[in-house]
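Subject: Structure handover

Hello,

Here is the structure we spoke about, for your files. My notes on it follow below.

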Number of protein chains: 4
Amino acid sequence: MISHDTTIRVLYRDTDKMGVVYHANYIVFYEAARNELFRSIGLPYSDLEAQNIVMPITEVTSHYKAPAYYDELLTIRATVKELPVVRMIVEYEVLNEKGELLNTGKTILGYVNTERMRPCRAPEEFIAKLSKYFE
Amino acid sequence: MISHDTTIRVLYRDTDKMGVVYHANYIVFYEAARNELFRSIGLPYSDLEAQNIVMPITEVTSHYKAPAYYDELLTIRATVKELPVVRMIVEYEVLNEKGELLNTGKTILGYVNTERMRPCRAPEEFIAKLSKYFE
Amino acid sequence: MISHDTTIRVLYRDTDKMGVVYHANYIVFYEAARNELFRSIGLPYSDLEAQNIVMPITEVTSHYKAPAYYDELLTIRATVKELPVVRMIVEYEVLNEKGELLNTGKTILGYVNTERMRPCRAPEEFIAKLSKYFE
Amino acid sequence: MISHDTTIRVLYRDTDKMGVVYHANYIVFYEAARNELFRSIGLPYSDLEAQNIVMPITEVTSHYKAPAYYDELLTIRATVKELPVVRMIVEYEVLNEKGELLNTGKTILGYVNTERMRPCRAPEEFIAKLSKYFE
């Protein structure tokens, strides 16, 4: 399992007229957290891109439990529980500074080889480096 | 059942470096389609707001089947199949100009009374006007 | 001179907690209006792209006079006053349904050849087709 | 004078199909930098809001000199050079990790009392706390 916490300060840009974070922005927060998760273990997503692999999203789910407000410092916890060989499932928890759970979510990503524009498996080297976290 | 098609022209702002519409933007397209669905039957969302009712999102699901590209004119079909008394389930289909189904999704919305900041049922008048579509 | 009006319905996604359209979103509305301006005269921006020309923004200015609110149908008027040979200056006016002028702006765009990744002039054919509007 | 550097990691959400940061997103980066500038001196914007003061943007200018790319860690330098009594002028510089200047910008903000919905001067206490930086 790999897991990492990323913090995001809520800006005006994130809010809507209801005075809370606009729902679609949580999906963007997930991207930030996913990006930092892989950077935190020395495997930044940009390394995959350098090998002509991109990871399109195939599925998003998000459950909204309580609102987030302007200027709060949110924690976005991203977790991968299974070795992502043919696809990657990332789960998210969004918490405010009081530790309240505001949102949970999940994204499923595939691997696509950009030279052939076809789905593929994760690069062997990527999986080799990741496998130690999934024993 | 109520259903309505809204068209959206894909802009640079909607795309990402993969050259396709960024995944979180489909969730925004859903909002546009939902807004137009209710306007199309003469019950714009802003009418509910004038009655101190807002409809926060409680759940989003989205399945990505094929990419959308810059300058395409997308059709976002929003459909409500059940009379939304205590919550509203809206389903979406996103199609390109060739009629290909690119994405399907669902949002669940609740009703909140903004004076008491508590969940509530849909206003009776709203349901009365909607009920003829759900017989 | 070429000029065209595009309408945009204000969504939750466009607003912020002040209850009005978030300032940076006007810059996005400009893109929508610019896109439709060129489509309206049969010269869509995607045609330039097909010739390996992109038009990066080099300057943006925006003046905010009055707020825009949720669910308003805004008119974004985009105008090009000079034949855009080496650069294109597009001016914008944003009006609400009462005809009030909410915002004025300007963007300056250059031409870049994506094969050589170097600034260039507008393609001759593009200018030839445009020139009749600038006599 | 007050000045502060904020860093922002470029995500997919920030980029467009040209492979670079979408121009309107710089205006959003300015907000993040402005927010952190005032937090850095112990005067967060949310304190003004608690006094029923909001600061709408009245003018934005942005000059784009070179592109920013995915996964770069950008520095957004926000600077206020004059004591912001009746309005606040914030200037911005955006630099990449090599120290290259990618963008410069300026925003002008007013003060509005949300109880009377009228323009006002900065609160005396806010100016008193700021004045030591502007001698």
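In what sense do β3(A) and strand β3 of chain B pair, and over how many bridges? The pairing is antiparallel and runs over 5 bridges, with strand β3 of chain B covering residues 57–64. Within this pair, His63(A) is found opposite Glu59(B) of β3(B). Please keep in mind throughout that the model is predicted.

Chains A and B

The contact between these two chains involves 15 residues of chain A and 15 residues of chain B. On the side of chain A that touches chain B, two elements give two or more residues, namely α1 (23–40) and β3 (57–64) of chain A. The most comes from β3(A), with 8 residues. Sorted by class, that side of chain A has 9 nonpolar, 5 polar and 1 charged residues.

The two chains superpose with an RMSD of 0.0 Å when chain A is turned by 180° and shifted by 0.0 Å along the axis to lie on chain B. The two copies are therefore related as by a two-fold rotation axis. Both copies use the same surface, since 100% of the contact residues of chain A recur in chain B. The residue of chain A that comes closest to the rotation axis is Thr61(A), whose C-alpha is at 2.2 Å.

Chains A and D

Chain A by itself

Chain A contains 3 helices and 8 strands. Read from the N terminus, its elements follow the order β-α-α-β-β-β-β-β-β-β-α. Its radius of gyration is 16 Å, close to the 14 Å that the globule rule gives for 135 residues, so chain A is as compact as a globular protein of that length. Along the principal axes, the C-alpha atoms of chain A fill a box of roughly 45 × 30 × 20 Å. Buried residues make up 38% of the 135 residues of the chain. Taking the contacts in chain A between residues at least 6 apart in sequence, 69% join residues at least 24 apart.

The nonpolar core

The largest nonpolar core has 144 residues. Which residues have the most contacts inside this core? They are Phe29(B), Ile76(B), Phe29(D) and Ile76(D). Once neighbours within four places in sequence are left aside, Phe29(B) is in contact with Ile8(B), Leu74(B), Ile76(B) and Val94(B).

A sheet in chain B

Chain B has an open sheet of 3 strands, in the order β2-β7-β8, with antiparallel pairing. Its edges are β2 (53–54) and β8 (118–120) of chain B; each has a single partner strand, so one side of each is left without a neighbour in the sheet. Strand β7 (residues 111–113) of chain B is joined to β8(B) by 3 bridges, and the two run antiparallel. Here Val112(B) has Pro119(B) of β8(B) opposite.

Regards

Note on methods:
Residues are numbered from 1 along each chain as its sequence is written. Chains are lettered from A and ligands numbered from 1 in the order in which they are written. This is a predicted model: local features need pLDDT of at least 70, side-chain atom pairs count only at pLDDT 80 or more; totals for chains, interfaces and linings use all residues. Helices (H or I, at least four residues) and strands (E, at least two) are DSSP runs, numbered from the N terminus. The radius of gyration is taken over C-alpha atoms; the globule rule is 2.2 Å times the number of residues to the power 0.38. A residue is buried if 20 or more other C-beta atoms lie within 10 Å of its own, exposed if 12 or fewer, and partly exposed in between; C-beta atoms are placed from the backbone. Two residues are in contact if their C-beta atoms, placed from the backbone, lie within 7 Å. A nonpolar core is a set of buried Ala, Val, Leu, Ile, Met, Phe, Trp, Tyr and Cys residues joined through C-beta atoms within 7 Å. Two strands pair if DSSP finds at least two bridges between them. Copies are superposed by least squares on the C-alpha atoms of residues with pLDDT of at least 70 in both. Ala, Val, Leu, Ile, Met, Phe, Trp, Tyr, Cys and Pro count as nonpolar, Asp, Glu, Lys and Arg as charged, and the others, Gly among them, as polar.
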